[in-house]
Amino acid sequence: MKKLALFVLAACLLIAGCSGGKSGGNGDGGASSPGASSGTGSGEPVTLRILTHWDAANTNAFLQKVAAYKDANPNVTIQVETVPFGDLLKRITASNLSGGGADIYHIYNAWLPELSGSKSIVPAPDAYKSDIVSAYGENIVSSVSYNGQIYGYPTELTGYALNYNKRLFEEAGISAPPGNWDELLDYAQRLTKKENGQTVQQGFGVIIGWDSGVVHPWLTLLQSNGGRFLSEDLSTTELDTPQALEALELYRKLVESGATNPEMGLSNASTTGPYMNNFELGKTAMIIMANWWKGSLQATMGDRFQDVATAPIPVGPSGSKPVSLFYSWLYAISAFSKQQEEAWKFLQWLNSPQGEGQSSIQGDWLMAQGIIPSRLSDQEAHKANLQDDPFMKTYVDLLKDARSFPVIPRAAEITSTLQGHIEQVLYSRATPADALKAASSDIQKLISQ
Amino acid sequence: MKEGQTKPPEKRRKKRLESHRLAAFLFLSPALVFFAIFFVFPLVATVYLSGREWDLLGPALEAPGVGFRHYVEIWQDDRFVKALINTFLYVLACIAFMPPLALGVAWMLNEVKVVPWFWRLLFFLPVVTSSVAMSLVWQYIFDPTYGPLNEALKALGLRPLGWIMDPDLSLVSLIIVSLWQGIGYHAIIYLAGLQGIPDDYYEAATIDGAGAVRKFFHITLPLLKPTSLFVFVMVAINAFQAFTPFYVITNGGPIDSSNVLGLYIYKTAFDFLNMGKASAMAVVLFVLVVLVSVFQLRWFRRREEF
């Protein structure tokens, strides 16, 4: 009897252990898998899941705007899953491994080589391809394409411009933003304040610890000095040029003069942090930053946001005009989605004008966040807002000559590598010449692999 | 019935032993299945993937084989070498400071007679606090511009420091965080060890005229040897695997000054989508942990002759 009880108990434990492992395996909870949720025939219930990195407020605003789709298509439910930007690509890879996940990925165009190469996303079918080609500018279509295929609907454009604090400029007796690097260096020094040897206000801020935050602003200076990051065919680096050396020398001068304090540039995993706080609190007078932070600045600064102004990237000694940098985002369809046709239909609806001369729902939603829509008809519909808003106007104007961040394989590792070498100069651990030599060699190796 | 009664005792014992073995196996099965799925399989998979060029996006089994290329590549990667050096510095600092500090705290906890549970709870709280939440708080504490630590230094008339934003201090800052978080756990282990030492030894030593210092070095420390072995091994293993504070507080920066192997493996795998190289690094880390643990075990065993 004792033995029997022993066996029964052991068997129960075994069964409990096995079933426990099973029940713990479903990490996502809630939504069922796309394949199981619905069929694709008309009238059958369809749940389209969008994976993105928006915050809760923007997600709610989006869901309110797309509620109209449900009215016209009662069988379709739109769900949004959000993760922090830093986790977005990881979530997509995890979805791939499980063969499930969202139907629509909202992705950074720098990930296109990897996602398309692994067939994680599908190219746009011909009908949607022609819609995209006709509705967006050539450079925008190109930024969502890879190896001759278009991979989705472009969503927003993010560019870079000089942001500065007008109040601090007035206090320093400076009437206009710097137009060239001599002025930039001069103004940055005049805008710097120290107390007991400590920087309490820096003239020009940089970002530390976040790859794109370090690399993109510096590339705008390089490009505005007549230089390039990579050759036209993306096969070689162009960091071993006098223009690149001048651009990194500018950083060295800013740091050595005390006008830039890298210790004030900390960023966190959410790509916000003290570098942003320092600008919002008037401890940083100038910084080159992307337009997406407008919403955050407005929310945090309140009335003090009126002190913020934007200006073109200051032009370097070897440059002739400001050449900013932009990157784009797109909605792409997961190759694992069982309802790809429904997903493309929804995206077309989302991105099409709501009426003659009107913006798309996507365009309205982007504008509400202070983000530049990429669809030409959206830009036209919001022309007045884009031109009247002095903050955004600079970014829009800069887009004409801006270059896209290269869409190449291993972009993340290349960006991270360049970040390290730029930070070496910002921390006076390497001369600009040595840092560029090492960066050029390291990045060339990555490109060649 | 008669037959059963005449069964040789040897056979009965064997049968009983077999059934006990089967029961033991059944009891252990859930744990064994768990161990196989979550420990053995990942280990084998990591070794397998270290010889493949896999970007996490396609099927792993179809990833092309590259032999030992990743094992050669990692030694040519300056960032890996830097992360390896940082990891060793961090492990050494943890081994050097964690056990003595934990023992000191354990001794105090053992001696304190006023609300002892409160003091134990106080030191143990960091252990049960969310590592991410705790890291965010420390990031704020160490912030050179707004952090209360620099405000305290200024109030004392001292020069504020760059802490996590200073390449010379970032690793030190993270060692401080790790000590703060880990001391409570190891102190509780030492406390259990201290309470397991019979008072008779101390009484005999007192009669022989031994002072507090002699008692500590000749009774307490030697009798704590098994506890110390466990603490040293665990401190080293945990330090080799450090990740969360490094990811949240500095993300390995500035300029890789606080980049450690755990973090660099994660970045290589999930940011750079190079799972093969990351797996090769993970195998190297595994070998290092095993070697250091074996060294510690032998080192302690060699000093058994107290």
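## Briefing on chains A and B

Of the 449 residues of chain A, 49% count as buried, a residue being buried if 20 or more other C-beta atoms, placed from the backbone, lie within 10 Å of its own, exposed if 12 or fewer do, and partly exposed in between. This is a predicted model, in which local features need pLDDT of at least 70 and side-chain atom pairs count only at pLDDT 80 or more, while totals for chains, interfaces and linings use all residues. Residues are numbered from 1 along each chain as its sequence is written, and chains are lettered from A and ligands numbered from 1 in the order in which they are written.

**Chain A: confidence and overall form**

- The pLDDT, the predictor's confidence in each residue from 0 to 100, averages 87 over chain A, and 90% of the residues score at least 70.
- Over residues 1-41 of chain A the pLDDT is below 50, and this stretch has 41 contacts in the model beyond near neighbours in sequence; two residues are in contact if their C-beta atoms, placed from the backbone, lie within 7 Å.
- Chain A has 21 helices and 14 strands, where helices (H or I, at least four residues) and strands (E, at least two) are DSSP runs numbered from the N terminus.
- The radius of gyration of chain A is 25 Å, close to the 22 Å that the globule rule gives for 449 residues, so chain A is as compact as a globular protein of that length; the radius is taken over C-alpha atoms, and the rule is 2.2 Å times the number of residues to the power 0.38.
- Taken along the principal axes, the C-alpha atoms of chain A fill a box of roughly 85 × 70 × 45 Å.

**Domains of chain A**

- An automatic or database domain assignment divides chain A into domain 1 (44-157 + 327-399) and domain 2 (158-326 + 407-448).
- The centres of the two domains of chain A, taken over C-alpha atoms, are separated by 29 Å, and their contact takes 25 residues from domain 1 and 22 residues from domain 2.
- On the side of domain 1 of chain A that touches domain 2 of chain A, the largest share, 7 residues, comes from α19(A), and the residues of that side divide into 16 nonpolar, 7 polar and 2 charged; here Ala, Val, Leu, Ile, Met, Phe, Trp, Tyr, Cys and Pro count as nonpolar, Asp, Glu, Lys and Arg as charged, and the others, Gly among them, as polar.

**Contact between the chains**

- 33 residues of chain B are in contact with 37 residues of chain A, and the largest share of the side of chain B that touches chain A, 8 residues, comes from α2(B).
- By class, that side of chain B has 19 nonpolar, 9 polar and 5 charged residues.

- Just after α13(B), B:Leu273 takes a positive phi of about 55 degrees.
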